[in-house]
Amino acid sequence: MSTAWAASPSELLMRAASKAAGRRRSVTRRRLTLIVGLVLLGIAILAVFLAPVLVSQSPTTIDPLHPLAPPLTPDHLLGTDQYGRDILARILYGGRIDLAIAFGATAVTLVGGTFYGLIAGYIGGRTDSVMMRVVDLVFAFPFLVLVIAIIAMLGPSIFNMFVAIWITSWVAYARIMRAQTVVAKKQQYVLAARALGYGRLRVMFRHILPNTASAVIIFSMVDAVGNIILAASLGFLGLGAQPPAPEWGTMIADGQNYILSSWWLVAMPGLAVLYIGISFALIGDGLADLLRAGEQ
Amino acid sequence: MFRATQAASAGVIVLALAAAGCGGSAATGGSSASGAPVSTLVIANAVKVDTLDPEANSVNESIWLDQNLYSRLLQPNATGTGLLPDLASSWTIAPNGLTYTFHLRPDAKFSNGSPVTANDVVFSINRSRAFAGGWGFLLTAVKTITAPDAHTVVITLSQPHAPLLADLAMYAYSIVPESLVKAQGSAFFQHPVGSGPFMVTSYNPDSEVDLARNPYFYGTKPKISKVRVLIVPDDNTRVLMLESKKVDIIENPPGNLVSQIDRTPGLSVQLYPSTRVDFIQLDEHFAPFKNLLVRQALNYAINRKAIVQLAYQGHATTGASFMPYKMKFFDSSIAPYPYDPAKAKQLLAQAGYPHGFNTFLITVSGDVAGQAEAIVVKSELAAVGINVSIQSYELLTAYDKEDGGHSEMGERYWTNDIIDPDEVATFGADCQGGAFAFNSYWCDNQVNSLVTDARGELNDSTRQQMYDQIQQAVYQQSPFIVVDYSPYRYGVGDWVHGFHVTPLGNYDLSLETLTVTTP
Amino acid sequence: MSGGQPAPGAGAPLLTVCDLRSYLATGQGVVRAVDGVSLTVHEAEVLGIVGESGCGKTVTCRTIMGLMPARILHTSGEVIYHPRGEQNLLDASQAQWESLRGAQLAMIFQDPMTALNPVRTVGDQLLEAVNAHAKLSRPEAQARAIGLLERVGIPAPARRMRDYPFQFSGGMLQRALIAIALASSPRLLLADEPTTSLDVIIQDQILSLLLELQQDTGMSMILVSHDLAVITEICDRIVVMYAGQVVEEGATSDIITAPRHPYTQALLDALPQAGQRGQLHSIRGSPPSLIDVPDGCRFAPRCRHVTDECRVWETELIAAGEREHAARCWRLHDIGRSQAWQGSDSA
Amino acid sequence: MNRFGSLPRRLVHLVIVLFGISLVTFFLLRLIPGDPALAILGSSYTHQRAVAIDNFLGLNRPIWTQYGLYMDRLFHGNMGFSFYYDEPATTVILQHVAPTLFLLVYAGALAALISFPIGFISGLRRGGVVDQAGRIFFTLSFAMPAFWLGIIFILLFSVHIHAFPISGFGSGFIGHLYYLFLPALTIALGFSTVLVRSLRAATISALQAEFVDTARMKGIPWRRVLWRHVFRIAILAVVAVYGVNLAYLVGGTVLVENVFSLPGLGTLLVDSVNQRDYPVVQGITLLFAVIIVCINLLTDMVQAALDPRVGQEIGT
């Protein structure tokens with residue numbers, strides 16, 4: 001399950017309370033974590049798109065003669081799965097789907113949730129209350145029932161997995177953004193902008209959004225990893241990518257049945273998820289330091 | 001999907017698991033058969049118990065558990081091909097086959113000591129017949145059930161019904177005490193009183209059900225005094241529990257771990273022939289499947305051996321007749337279609353599909369064996385030009401799509417509930433039988449009448465010929481593709497002696513004679 | 001408000017700071033915030049430290065209190081608190097600092113809004129100070145706290161004890177902070193620009209309160225401000241700081257009547273006088289960067305009497321009159337004492 | 001100033017949310033293909049038997065009358081009869097509540113136990129050993145799917161070291177603590193990542209706040225300043241994050257429950273959805289909703305208790 005990281009009003013007030021000078025860590029140190037994260041992610045994206053060059057086997061041809069071959073067998077660097085398909089090929093080609101999930105799913109929920117939260121927070125009053133009840137409803141709804149229902153109705157496919165994630169994950173962003181907007185609304189710079197007679201939209205998008213976007217962006221890094229693990233959970237429930245399409249989550253889900261006899265079926269895609277998780281975490285940390293330093 | 005018997009899925013850190021990769025290293029020293037006798041047997045089931053009410057059971061594991069608690073008029077024998085006396089020590093059938101008289105054992109008692117009377121039998125059978133959506137349809141031919149005295153039950157029929165004895169041996173017609181059930185209603189089944197070899201001492205359906213020996217049991221007194229049935233849905237967890245000797249028997253270990261368990265000293269995987277028939281349903285609403293030549297082409301295009309190898313690691317038998325292979329009247333002379341892609345292509349051309357066609361195969365997600373079968377079928381049919389797209393759905397969504405008459409190919413399986421072939425023939429061969437011949441919508445009036453006649457035929461040899469004809473016709477017409485017969489799999493410790501599962505899946509007989517020693 | 005005391009109290013020296021240096025590490029390089037500051041505070045004396053922002057006065061105060069920011073790179077020199085003998089406070093142990101702070105030395109800060117913990121009641125934080133150095137029973141501590149609040153002029157003190165900082169105005173908060181500082185009756189109170197963030201009327205009330213408390217308790221006080229008017233009103237002696245150094249010190253009357261360092265003179269000229277018409281005087285240029293400090297006198301780039309030697313020679317404090325009046329300008333005597341209070345020419 | 005003045009309004013919100021959820025669940029379930037009769041009859045499905053079952057379960061009535069009946073019964077606290085278990089839905093759910101609630105509270109406590117010290121120390125000594133090690137460890141534990149971590153724990157601690165049981169719920173409080181340690185730890189590790197990070201950031205900010213200097217100026221020992229000022233306000237920021245993530249967990253324990261064979265609400269929910277056991281699914285959904293909304297309410301209350309400034313905003 002992906003986790004939400006909401007910055008509460010109290011943390012923001014406290015941050016305003018601490019007027020001390022910027023931290024001692026030099027700026028280059030902060031940027032280092034961001035750079036390392038981006039480099040790792042870049043390598044992953046490159047490897048995924050150069051998959052046909054890097055590995056000759058196709059990810060879907062089965063080879064019943066030697067299934068479950070251990071890693072380092074000739075021309076199967078990471079071994080083969082239960083149907084004799086090359087695991088390295090499946091990881092590289094599967095990466096396309098999973099990176100799409102990490103970016104595609106998260107981007108939509110980020111944008112959707114942020115706008116929703118911004119509007120709810122800024123308008124306030126009854127509309128805010130109604131909009132937040134909708135958020136509470138989706139939030140309180142057991143995520144599993146919603147996902148199973150959506151995929152059962154639309155049929156299991158990668159796109160429908162996106163839809164399931166879109167429908168369930170925007171709520172966290174809306175909640176964070178609303179909390180930020182409610183606080184930002186009272187800050188001087190917003191009052192000043194309104195005093196100058198700027199339109200409501202301009203105040204929201206040109207003034208409040210840039211100053212509050214950091215928490216949401218930082219959270220989206222965390223959420224991106226969460227979405228990949230979500231794919232694993234959907235694969236686990238059998239609702240993930242359809243066979244024979246390679247996708248890390250479903251590979252982990254299927255691999256778990258072979259965990260005691262051939263551990264590499266689960267380990268390899270798991271490491272791929274870990275790799276992406278680490279790179280996103282580093283980017284998240286780097287961004288957090290930079291954006292937070294900028295905000296103080 | 002979250003199928004009861006299939007494992008959950010998880011990733012793993014390489015280093016942490018390297019040690020475990022070398023198989024069950026956890027087994028403690030080999031145990032000699034002469035270990036001290038133990039009085040408790042521990043079984044780990046994969047699926048939770050739905051209810052202990054025999055008329056409402058729909059989960060295999062619960063059904064097999066019930067058989068230990070209740071007895072019936074008759075019970076299937078160990079090989080599943082005949083019937084043994086149970087509550088009815090003897091029975092007589094009138095020459096016209098319309099009146100059956102059962103003589104009950106005078107010494108039969110419920111686990112609370114009260115005697116089992118004919119009224120209990122009549123009440124139990126009528127109760128199950130009346131249950132909405134239950135098994136009443138098997139006894140439509142029954143006119144009256146009466147209890148002239150405390151130890152005699154007379155059943156009269158409106159027309160000859162050969163499978164009657166087999167029907168009465170079915171779990172749904174287990175005998176329950178009339179007075180208690182009427183008094184307690186559904187609460188009775190939280191701590192039921194039956195006349196079987198064991199009785200329930202503690203019951204929580206999701207984690208553990210404990211049984212103890214029924215002191216008043218009239219049959220052979222079981223050697224073990226307690227049975228603990230644990231519910232452990234995760235396949236790997238069950239295997240680990242067996243390897244660390246925390247349980248004596250585990251149900252349905254995953255196919256890929258069978259060889260690993262066999263390699264472990266002191267453990268083995270027992271394969272018990274079952275009445276399960278795995279087949280691929282063909283819906284004749286889809287034009288190509290209306291054509292017999294296409295259906296036969298499909299039979300030749302599929303390599304059943306490859307499926308058995310990949311899906312069941314070789315532990316299954318390639319399928320021929322649509323009837324389960326370990327039951328009465330099974331026609332062993334029918335041989336599975338040989339794997340002959342060339343012939344398949346030729347048949348397709350004859351049928352007017354030289355370039356094949358596109359179709360889709362519905363599978364149940366999370367069913368490991370099913371996924372393997374689907375992938376083999378897809379690649380083999382592609383070789384003959386038929387492009388199959390695999391659609392995997394959560395269990396009931398898959399069934400819903402397959403039953404609604406708007407599917408094309410679908411992975412299904414059948415299991416018997418009674419040892420008589422009438423049930424499988426009605427569901428699989430008779431299009432008016434209620435299931436449209438396994439949802440193929442294939443209809444052959446000659447076969448339909450054969451099925452109805454066989455139901456009323458009391459002479460076994462003529463009945464055998466009838467069922468042979470039915471099996472031949474279904475084999476020729478092939479309304480669906482019979483793939484294989486897959487056995488029950490149980491992981492058993494060698495310190496358990498005498499555990500046996502009948503083709504219908506119940507193991508209550510063996511529990512009466514089974515012994516356990518220290519691992 | 002009446003003028004400062006005519007003559008500095010003749011009390012014994014309470015605290016001496018000798019050649020204090022404090023360098024900070026920042027992203028751009030090492031900032032020599034305090035570069036050799038020496039000053040002395042006598043018993044019952046009000047010493048004023050005045051200078052533009054960034055001249056090192058706050059760092060000096062914090063160093064005296066041992067509250068240096070984490071980014072301190074290097075600290076040297078001596079801070080002697082005479083009642084505790086000749087031990088250099090800079091080497092004091094944690095325990096020694098804790099026994100000094102509150103009981104002997106106390107401090108109030110510039111922005112009262114952020115100087116109190118927002119999530120704990122003012123009473124709680126006051127009681128914490130009261131109990132820091134005294135073993136009092138709960139009622140005694142409560143009474144003492146309420147007394148302190150009354151003493152600093154907060155109405156309905158008993159009720160206000162239960163309120164939170166965000167329910168106080170700026171002025172009231174500063175009064176509460178003063179109460180906290182005086183909780184263990186310290187002998188020296190450092191006030192780091194206590195009124196800068198307050199409006200003028202409240203500012204005047206706080207300053208007169210501080211003076212009144214100082215006279216009652218006889219404690220010494222160091223008042224730091226960039227506002228010369230505030231300093232001249234209250235302080236007995238004045239230290240003028242510029243670019244991390246003391247450029248002039250002396251009794252208030254001497255500094256006002258005969259400022260000897262061009263910077264002090266310019267500061268006095270810049271003071272607007274009641275009824276003054278026409279152009280206000282200001283000092284051209286801006287304070288030098290404390291990272292690559294220029295040679296010679298640090299005020300040279302902005303000094304009206306600058307000579308070539310000024311850009312080469314740097315001098316120590318030179319005696320410039322009675323009552324230890326001194327200034328850091330070797331052309332001291334050439335400029336002479338004639339620069340009366342109403343300097344004639346503009347900058 | 002009554003800080004919880006807005007409680008009645010929050011309760012009204014709770015009722016609205018619950019009504020919304022019961023409406024959505026009721027209709028959503030019926031949109032999922034496959035009906036309860038299919039689940040009960042399985043491979044021996046015939047149309048006649050299905051119709052008999054539908055009549056018995058009252059599924060043949062028009063949908064709006066079914067909804068009306070359901071809401072009326074719900075109003076009287078009767079959630080209907082489980083199709084699968086042949087028992088009232090409420091009893092079925094109550095049998096499964098204990099493991100899940102116990103697991104949630106246990107995981108929440110473990111997460112706090114793990115992340116509060118580590119997060120605080122990481123904030124105090126930035127770049128120190130605890131900070132670096134914590135950062136690496138928690139990034140790894142976050143990127144690992146929970147059920148994968150669970151299997152590893154079983155392999156390490158149950159199979160090889162025999163320290164903990166493989167599955168089950170145990171009996172008695174101590175039994176539960178012992179049996180549920182591994183599952184709770186599995187959940188707690190993933191959960192702690194977020195807590196450590198936010199506590200660390202909050203501690204760093206708190207250390208730079210001026211009121212810390214005021215506190216030090218009073219001469220009270222540094223340890224007490226840390227505890228009563230720095231930790232007190234830092235923990236505040238974590239309360240909100242803790243609440244949000246705990247609420248998120250409520251529906252998510254099924255994966256861990258399955259690996260450790262815990263008969264909890266999560267497993268029951270998934271099984272019931274598979275079985276199309278409408279009454280049980282609807283009951284669990286409402287129960288989850290109540291738990292989640294209560295957790296949110298509790299979080300806001302704790303926050304209001306700790307931070308008076310937030311008190312006024314509770315109403316929205």
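A crossing of two helices is left-handed if the near helix is turned anticlockwise from the far one by less than a right angle, and right-handed if clockwise. Keep that in mind for the first stop.

This is a predicted model, in which local features need pLDDT of at least 70 and side-chain atom pairs count only at pLDDT 80 or more, while totals for chains, interfaces and linings use all residues. Residues are numbered from 1 along each chain as its sequence is written, and chains are lettered from A and ligands numbered from 1 in the order in which they are written.

**Stop 1: a helix pair in chain A**

Select residues 143-154 and 158-184 of chain A to bring up helices H6 and H7. Helices (H or I, at least four residues) and strands (E, at least two) are DSSP runs, numbered from the N terminus. The two helices pack at about 145°, with their axes 9 Å apart; axes are lines fitted to C-alpha atoms, for helices over the stretch in contact, and angles run from 0 to 180 degrees between N-to-C directions. The crossing of H6(A) past H7(A) is right-handed.

Now show side chains. From H6(A), Phe143(A), Leu146(A), Val147(A), Ile150(A), Ile151(A) and Leu154(A) meet residues of H7(A), among them Val163(A) and Ile167(A). Here, contact means that C-beta atoms, placed from the backbone, lie within 7 Å. What classes of residue make up the contact of H6(A) with H7(A)? It has nine nonpolar, two polar and no charged residues. In this scheme Ala, Val, Leu, Ile, Met, Phe, Trp, Tyr, Cys and Pro are nonpolar, Asp, Glu, Lys and Arg are charged, and the others, Gly among them, are polar.

**Stop 2**

**Stop 3**

**Stop 4: chain C and its sheet**

Next, pick out the open sheet of three strands, ordered S2-S1-S4 with antiparallel pairing; two strands pair if DSSP finds at least two bridges between them. S2 (29-42) and S4 (72-81) of chain C each have a single partner strand, so one side of each is left without a neighbour in the sheet. Neighbouring strands are turned by 5° against each other on average, direction ignored. S1(C), residues 13-26, pairs with S2(C) over ten bridges. Zoom in on Ala25(C), whose bridge partner in S2(C) is Val30(C).

**Stop 5: a sheet in chain B**

Finish with chain B, where another open sheet of three strands runs S1-S22-S21, with antiparallel pairing. Its edge strands are S1 (37-38) and S21 (496-497). S1(B) and S22(B), residues 515-517, pair over two bridges. To see one of them, select Pro37(B) and its bridge partner, Thr517(B).

How values were computed. Contact = placed C-beta atoms within 7 Å.
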